[in-house]
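Good morning, everyone. Please take a moment to look over the chain on the screen before I walk you through one part of it.

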Amino acid sequence: MAYAASQDPVTGLPRFAAQEDYLREAMTEAMGRGSRVALFYLDIDRFHSVNETMGHSVGDQALRLIAERLRSQVAGFGRLSRLAGDEFIVVVAYRPGEFNPLAFAEQLRRRMEAPLAVLPYSLYFTCTIGIAEFPDNATTPTDLLNCAEIAMARAKRRGRNTVEVFNNEHAAELRDRMALGGRLRDAIIGNELVLYFQPQVNAQNGRIVGLEALVRWQTPDLGLLPPSRFIRVAEELGLVVQLGRWVLDAACRQLRAWLDAGHDDVLVSVNISMQQMLRPTFIEEVREALRASGVPARMLEIELTENAIGESETRLLETVTELKALGVQLALDDFGVGYSSLSHLKQFPIDKLKIDRSFIVDVSTESDGAALARAVIALGHQLGMAVVAQGVETEAQLGFLRRNHCDLFQGFLFGAPVDARDAGRLLRHRYLLPGAFASTRPDRTLLLVDDEENVLRALLRLFRRDGYRVLTASSVDEAYDLLARNHVQVILSDQRMPQVSGTEFLGRVKELYPDTVRLVLSGYTDLATVTDAINRGAIYRFLTKPWNDDELREHIREAFRTHAAAHRPET
């Protein structure tokens with residue numbers, strides 16, 4: 001009985017619970033000698049799929065082989081034990097300078113990638129490892145284990161098959177878990193949670209067409225806490241389903257209030273965790289929330305994350321199909337940063353793709369970001385989905401995305417999340433940033449770029465007489481901003497500027513705005529550079545200073561004619 005209590009029957013390894021005394025002694029000894037103790041929390045990635053698809057007998061054989069592999073790696077360094085399931089613990093006591101915990105963890109991780117022969121199968125596994133150290137991170141065995149587990153969990157969220165070392169940011173997460181965990185259940189029951197709402201606006205005119213519901217925790221002592229402070233705590237304590245149910249019910253109640261106020265053409269978007277969505281009772285919970293509030297299903301939108309599509313695909317497809325049958329809208333959040341394949345995407349009845357904010361940051365200045373954003377927009381439209389750009393913060397981003405036919409926008413440019421009362425005020429006004437959405441002339445816009453102000457003034461006087469809408473920029477950064485916010489057909493740029501040459505600038509503009517007609521005007525001639533730029537299509541024509549007014553005006557008229565011919569509709 002003592003042996004069974006201390007040894008794992010599957011792997012033959014010691015159970016971690018029976019090793020805590022060893023860990024405590026190692027920490028005490030390290031304190032006296034000025035040495036250190038590292039604890040490695042190792043989790044086998046997606047091991048559950050082996051048990052589910054091949055049976056527990058194969059799973060147990062795999063665990064025994066994994067244990068043997070780890071034992072050979074750990075021998076001579078420290079103690080190996082099994083915590084539970086597919087989780088293992090390694091404890092290493094060492095003197096500073098004699099052992100590198102991160103390098104050792106990387107060795108374990110790489111060794112795990114080698115195939116395992118569990119006849120008749122060859123199985124491939126990866127692992128995720130969290131590291132915590134005494135005395136830096138904790139002073140008791142339990143706290144050290146908690147620290148390593150938090151580091152491992154963060155590594156999992158970064159994509160698995162990686163190593164994470166516990167640090168100060170993790171320490172704040174641990175403090176939150178300890179301080180907030182015991183209070184969260186009471187907060188859900190005691191109505192300390194509130195919903196904030198961030199508007200989603202139509203790309204054509206800035207009209208609010210939806211709001212995303214975002215939960216906040218109004219604590220009596222810590223003030224208003226954002227979800228980043230307590231969502232992970234809810235997940236770890238198994239409260240995320242209860243939290244999600246509260247959000248769903250509260251969102252439907254608020255929709256009812258807005259519906260009674262006459263706002264019958266707006267929807268509210270709710271984030272739902274996979275734990276909640278895959279519950280057998282979830283569809284009934286949605287149906288009950290709609291029934292109790294009397295809200296039409298079309299006014300409720302449920303968001304799922306891209307990574308969720310790759311997990312429990314069959315069950316999730318059944319769930320979202322039932323949601324669509326109810327009439328609920330579906331959105332795929334943070335698209336572009338997950339792991340779903342196009343085959344997954346096309347079979348799910350998604351109504352909206354929400355482009356992750358990381359694709360929006362440099363969309364108006366970097367060709368890679370612009371290309372990715374255009375690709376996601378085109379993909380969404382080809383699949384019959386509306387596309388929402390998240391994290392829109394500047395008018396330059398707004399202008400670029402409008403030009404590239406994005407359907408909806410959400411971000412701080414249109415406002416931070418606000419409480420229900422302020423959201424109601426926004427709905428009564430309904431239109432945001434009318435200046436940014438004001439219609440501009442669709443054609444004959446000329447952009448002049450030159451770092452010499454006197455040259456810009458002279459060119460501005462020259463071209464205004466021809467009726468163009470003329471924009472001027474004294475730097476390439478200013479030019480990028482104007483290009484993003486305006487529909488420019490023709491660009492005339494100086495060749496020699498402080499940041500980049502005109503041909504370099506226009507080469508990047510070609511990638512960002514390929515439909516523009518681009519000309520260089522310069523007093524300096526580098527024939528090789530100019531020839532190369534023309535051959536690459538970066539520039540349409542090279543013109544020299546000083547210029548002849550009539551000839552320059554004719555060149556610009558011809559450039560506009562070229563643009564019009566290229567965009568003339570076919571008959």
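This is a predicted model: local features need pLDDT of at least 70, side-chain atom pairs count only at pLDDT 80 or more; totals for chains, interfaces and linings use all residues.

In what order do the five strands of the open sheet come? The order is β19-β18-β20-β21-β22, and the pairing is parallel, where strands are DSSP runs of E with at least two residues, helices are runs of H or I with at least four, and both are numbered from the N terminus; two strands pair if DSSP finds at least two bridges between them. The edge strands, each pairing on one side only, are β19 (469–473) and β22 (541–544).

Residues are numbered from 1 along each chain as its sequence is written, and side-chain values use heavy atoms, with hydrogens and water left out.

Within the sheet, β20 runs parallel to β21 (residues 517–522) and is joined to that strand by five bridges, with serine 493 standing opposite valine 520 in β21. Helix α20 (residues 476–485) packs on the sheet and touches β18, β19 and β20, contact meaning heavy atoms within 4.5 Å.

Among the lining residues are Leu448, Asp450, Ser493 and Leu521, and β20 gives the most, with three residues.

Definitions and conventions:
On a 1 Å grid over the protein atoms alone, a cavity is a set of points where a 1.4 Å probe fits but cannot get out, and a pocket is an open set with protein on both sides within 12 Å along at least five of seven lines; lining residues have an atom within 4 Å of a point. Axes are lines fitted to C-alpha atoms, for helices over the stretch in contact, and angles run from 0 to 180 degrees between N-to-C directions.
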